[in-house]
Amino acid sequence: LRLKTALHKAIDEQRIEVHYQPIVDCQSGRMVKCEALARWHDEEFGQVSPAEFIAVAEEFGLMPELGNLILHRALNDWKTLQQLGFGGIGLSINRSTLEFVNVEFGALKVPELVLLYGLDPKLITIEITESLLMEEHQGMRPALYELSELGIEVAIDDFGTGYSSLSYLRNFPVKILKIDRSFVDTMVGELADYALVRGIIEMAKALGIAVVAEGVETEQQWSQLQQLGCQYCQGYLFAKAMSVEDLQLRLEAA
Ligand code: G
Ligand code: G
Ligand code: MN
Ligand code: NA
């Protein structure tokens with residue numbers, strides 16, 4: 001597969017970039033953290049979506065290297081921002097199944113790296129998907145508890161799209177739910193989706209879990225989410241993912 005070969009080369013040459021999308025507090029509208037999103041521009045294939053190249057990396061065993069590269073990039077960028085005086089912004093990092101299941105390369109390294117880069121673990125969030133909890137991989141539970149004991153928060157990404165068993169919200173140290181953007185897309189107008197979003201927010205509140213609404217694109221969505229008591233929003237209404245240089249300019253201008 002040519003894409004695999006190109007990806008392997010890009011990883012070796014460290015040509016995978018990381019962009020950052022702001023997550024804002026619904027009360028103040030201020031950026032409180034950013035989600036790290038991997039970006040790959042290849043000469044031959046052009047801009048390849050992370051959904052695609054991460055799947056390729058997983059299939060061909062390139063995930064440990066790719067995951068580590070992304071992790072180092074993001075933590076290093078955050079260290080730089082901290083040195084520039086922007087130390088209060090949180091960083092949310094996606095970790096895929098294989099990065100968690102393979103303990104040797106996986107989650108156990110995150111706490112060590114966070115400390116190595118001199119970052120406050122309380123500023124770090126690890127995003128995982130529901131399927132990861134459903135499958136009950138060995139080593140998953142201790143890995144998540146190790147994160148949370150250090151103060152790193154665990155977020156469930158794309159919440160509502162998977163096979164949502166609510167029991168894992170009790171059984172795992174989950175601090176944040178990210179409502180999938182497919183619900184936010186249609187919550188204005190579709191009563192069922194509005195009710196679903198409201199239900200998720202209320203349930204999370206009862207469990208002491210914070211909610212991030214993803215894919216917020218309109219003022220109307222934002223004001224409804226504020227009224228429902230959603231804590232955080234993320235989406236093009238606020239900003240798209242940007243390079244660390246652009247993020248720095250944005251922080252300096254604020
Ligand atoms: O940035 P974009 O919306 O195109 O991301 C598409 C998908 O790729 C999302 O599901 C996102 O979670 C995933 N993704 C982006 N960056 C990373 C990453 O660094 N690691 C993992 N595991 N997934 C990522
Ligand atoms: O699966 P995950 O939530 O990690 O992926 C986030 C993806 O959603 C990224 O690819 C990001 O670029 C995309 N995204 C973020 N905000 C918006 C938005 O407001 N609208 C749309 N359509 N996509 C968004
Ligand atoms: Mn995510
Ligand atoms: Na998501």
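Of the 254 residues of the chain, 37% count as buried in this predicted model. The mean pLDDT of the chain is 92, and 95% of its residues reach a value of 70 or more. For the model as a whole, ipTM is 0.96 and pTM is 0.95.

The chain contains 12 helices and nine strands. Its radius of gyration is 18 Å, close to the 18 Å given by the globule rule for 254 residues, so the chain is as compact as a globular protein of that length. Taken along the principal axes, the box filled by the C-alpha atoms of the chain has dimensions of roughly 50 × 45 × 35 Å. Among contacts in the chain with a separation of 6 or more, 65% are accounted for by residues 24 or more positions apart.

The largest nonpolar core comprises 70 residues. Within this core, the residues with the most contacts are I70, A74, I179, V211, A213 and C233. Helix α3, spanning residues 63–83, gives the most to the core, with nine residues. When neighbours within four places in sequence are left aside, A213 is in contact with I179, V184, L225, C230 and C233. Of these partners, I179 and C233 are themselves among the core residues with the most contacts.

Ligand 1 is surrounded by A36, L37, A38, S49, P50, A51, I54, I70, N94, R95, S96 and D157. The elements giving two or more residues to this shell are strand β2 (31–42) and helix α2 (50–59). By class, the shell around ligand 1 divides into seven nonpolar, three polar and two charged residues. One member of the shell, I70, also belongs to the group with the most contacts inside the largest nonpolar core.

Ligand 2 has 14 residues around it, of which D158, G215, E217, G235 and Y236 come nearest. The shell around ligand 2 consists of four nonpolar, five polar and five charged residues.

A further position considered was R15, which lies in the loop between α1 (2–12) and β1 (17–25). R15 has 16 C-beta neighbours inside 10 Å and therefore counts as partly exposed, since a residue is buried at 20 or more such neighbours and exposed at 12 or fewer. R15 and L191 are 176 residues apart along the chain, and a distance of 44 Å separates their C-alpha atoms.

Methods: Residues numbered from 1 in each chain as written. Chains lettered and ligands numbered in written order. Predicted model: local features only at pLDDT ≥ 70, side-chain atom pairs only at ≥ 80, totals over all residues. Near = placed C-beta within 6 Å. Helix = DSSP H or I, 4+ residues; strand = E, 2+ residues; numbered from the N terminus. Nonpolar A, V, L, I, M, F, W, Y, C, P; charged D, E, K, R; others polar. Core = buried A, V, L, I, M, F, W, Y, C linked by C-beta atoms within 7 Å. Contact = placed C-beta atoms within 7 Å. pLDDT = per-residue confidence, 0-100. Rg over C-alpha atoms; globule rule 2.2 N^0.38 Å.
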